Amino acid sequence: MAKWVYTFGDGKAEGSRDLAALLGGKGANLAEMANLGLPVPPGFTITTEVCAYFYAHAKTYPEKLGAEIEAALAHVGKLTGRRFGDAQRPLLLSVRSGSQASMPGMLDTVLNLGLNDATVEGLAKAADDRRFAYDSYRRFIQMYSNVVLGIGHHHFEEMLEAFKEAKNLSNDTELSAEDWQKVIAEFKAKFNAVHGAAFPQEPQEQLWGAIGAVFGSWMNPRAKIYRQLHNIPESWGTAVSVQAMVFGNMGETSATGVAFTRNPSTGARELYGEFLINAQGEDVVAGLRTPQNITEAARTAAASEAASMQTALPEVFAEFVRVADRLEKHYRDMQDVEFTVERGKLWMLQTRSGKRTAKAALRIAVEMAQENLITEEEAILRVDPASLDQLLHPTIDPRAARNVVATGLPASPGAACGEIVFNAEEAEALKNGGHRVILVRVETSPEDINGMHAAEGILTTRGGMTSHAAVVARGMGKPCVSGAGSIRVDYAKETMSVAGSVFRKGDLITIDGTTGQIIAGRVEMEQPELSGDFAIMMDWADKHRRMRVRANAETEADAQVARRFGAEGIGLCRTEHMFFEIDRINTMREVILAPDEKGRRAALAKLLPIQRRDFAALFEIMAGFPVTIRLLDPPLHEFLPTRAADIAEVAAAMGVSEDRLERRAAELHEFNPMLGFRGCRLAIAFPEIAQMQARAIFEGALEAKRRGGIPPEPEIMVPLVVSRPEFDLVKAEIDATARAVFDERGETLRYSVGTMIELPRACLAADKIAESAEFFSFGTNDLTQTALGISRDDAGTFLGIYEQKHLLPKDPFVSLDQEGVGELVKTAVTRGRAGRPDIKLGICGEHGGDPASIGFFERVGLAYVSCSPFRVPIARLAAAQAALEKRAAT
């Protein structure tokens, strides 16, 4: 038979912290504290199953719930010596929400429930304090009216302020019992006028109204948004915890407060919080009075003149310190606690694991392990890998004011401020002149690479989380906001417009790539600091992970950043990015414009020494680690200018006619270039390109070997393969080039040739391809596009709708679609190993830096993940967590 209500109090409880799914976090922890013998006001919890019933049955309740609540009320009354609704010794209640996951401030609470015109007199007599009783009654009217019946809080606040002003009073504490009686009369009149009925006097009616309001708050707009942001399932529901009221507003020996057992901002091992004397809980959070510090050290640091709890209530403070320490040791985590002091007696109202910054999470996890409170493995699992982004990039000072003018997608983390500039060339020129700029584009293309490199951050009005701008910005470690569709960019006028405001070239803006906000003007920043705790956590993660972590990098700067962050090689060197540098793109254009193979080979001969130097530098930086180099992948038209002004400029620089450039661009135009003349198709049609690149790789590797002594092991990757014959044709060119170089130089080195698995057919033909390919690297960006039939550059217009309607759990370009794309990966892994048991398997798409996707890659047994340099620490920690979770599951 279903049990709907669980009681707690007097050193025992029917529940425990293990029942959080049923009792919610608050109810489970109240039961746990009661079982520990801590001072917890008695009460009961109505389960989350009632919430599910409530929504499944047109907001009605199970038949036997009423009887269980009556029994629980009698139990609480017996423990307190009071009775609910009794005019002489009334039992007053607090009614609070409590989901399985903490949702601070999102759901509703009602305090002082049970007060009416009769019970307020009983409370006044029992407390021997009429002022306190009537203050509590007016609070109840105000809160119940707002929470249960939706009457605006401001109605009552305005009336109270007017009353105080008429009496020349400043603080609520200055009002007498008679004053509060007059205020209550005004409140009840306002209630009647707005609601059309008298304020409810029957305590049972009040209780059921409050229970309904708490369950109803589970579906309020702010709760829905919070759940969406924090991936909390709607099906969890909320419990309702009902407790005997304890009062912090009973004079100078009473108080209420909130505290953390460690500093949630820094992680320091110190009590952190605030309290108010002669107040109730809402006074602390409402900001109507300035809270006081808990500890004397905090009061001194804040230069506050108000007494700390340590000096104002020394005996209570000493007990509170003991309780807080016990709770932290019991839960083995930093706790966020709420408490009330009623006439010198401490009561604990809540405990839960406290929210904390990434910096604090790192420090707390490391120090708790060093204190032997938790194990090293548990410390690793305590830190959200994605939160490490906060530690690796500049961020906006949380105290700074923000004039947010628009919001886009948080495409690359960190924050940047600079002058608006609308084209790449000007971005580079201004950078060279000592300016900091934000490159604003409708969308970026490969030819914007120099401007993106020069800019402090990138803002685009189109594109998703894996658009060109997003991918390149993440690789560079630069903040990027993409898909800011409310902004209109006018290149001709050099303006961007949003919501009636016009920003011109040279205006200052700040972008926050962590939240997607675009902010007018300059905003103060905080620079990242990598603490000793960071290094310790990374060492622990490396000890426990199985998968290797490489970086996607093609420049010396990227490779050096990657090594500094602990990358164990390069998993993807996109050689096309090397051709976009200003001193070499025109040479690449010569290759494209050449009328025949002879002309192409002549132009490629100019690129050979440049590529050789590039590869030699990467091999030296990654000495002792593998370097995977992908042959030219994008369609050739991407290297040609498209804007008229650019065509004229390039034609003049190259000494060719504009007409010739335009004709060649027209010849190369494709309706769907993603599925067009690219990848291995280029190497098959123009083998001389692959030959030049292979020669540059081998010669660069031999050069690095001579300089550094450690022989590099190049991994040459053929892109966009669909069959073994395709792969074999390109591999033959690579092997022939290797033999030629080794014969010329009189020395050899080990190398391997593999392919990027990025098309569904390649997954299905993986066994055949693996007979020839020595490694697979999954290109999950294109594999997602081709499996789902979605262009990542255009998906931003509808993916958000799909997520809102629960058609997709997450953006599949951000977190791997494990049911669909994941099945293709599994198929390729199984078939690839069937074709070559020792085949090396990795992943180099954007998913290589996503913690949830990394968990999947661990489960299917990939050897490594590769991600942008600034996500390497995230991947290292996520790989360790995935390994630990897999071990725990077996």
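Q: What should I know about the model before starting?
A: It is a predicted model, where local features need pLDDT of at least 70, side-chain atom pairs count only at pLDDT 80 or more, and totals for chains, interfaces and linings use all residues. Residues are numbered from 1 along each chain as its sequence is written, and side-chain values use heavy atoms, leaving out hydrogens and water.

Q: How many salt bridges does the structure hold?
A: A salt bridge is a side-chain nitrogen of Lys or Arg within 4 Å of a carboxyl oxygen of Asp or Glu. The structure holds 66 of these salt bridges.

Q: Which parts does the pair Arg 262 and Glu 328 tie together?
A: Their side chains meet in a salt bridge at 2.8 Å, N to O. Arg 262 lies in the loop between β7 (255-260) and β8 (272-277) and Glu 328 in helix α13 (residues 314-331), so the pair ties together parts 66 residues apart in sequence. Helices (H or I, at least four residues) and strands (E, at least two) are DSSP runs, numbered from the N terminus.

Q: Is Arg 262 buried or exposed?
A: Buried means under 20% relative accessible area, exposed over 50%, and partly exposed in between (1.4 Å probe, protein chains only). Arg 262 is buried, at 0%, and Glu 328 is buried too, at 5%.

Q: Which residues are linked in a network of salt bridges?
A: Arg 131, Asp 135, Arg 138, Arg 139, Glu 161, Lys 164 and Asp 172 are linked in this way.
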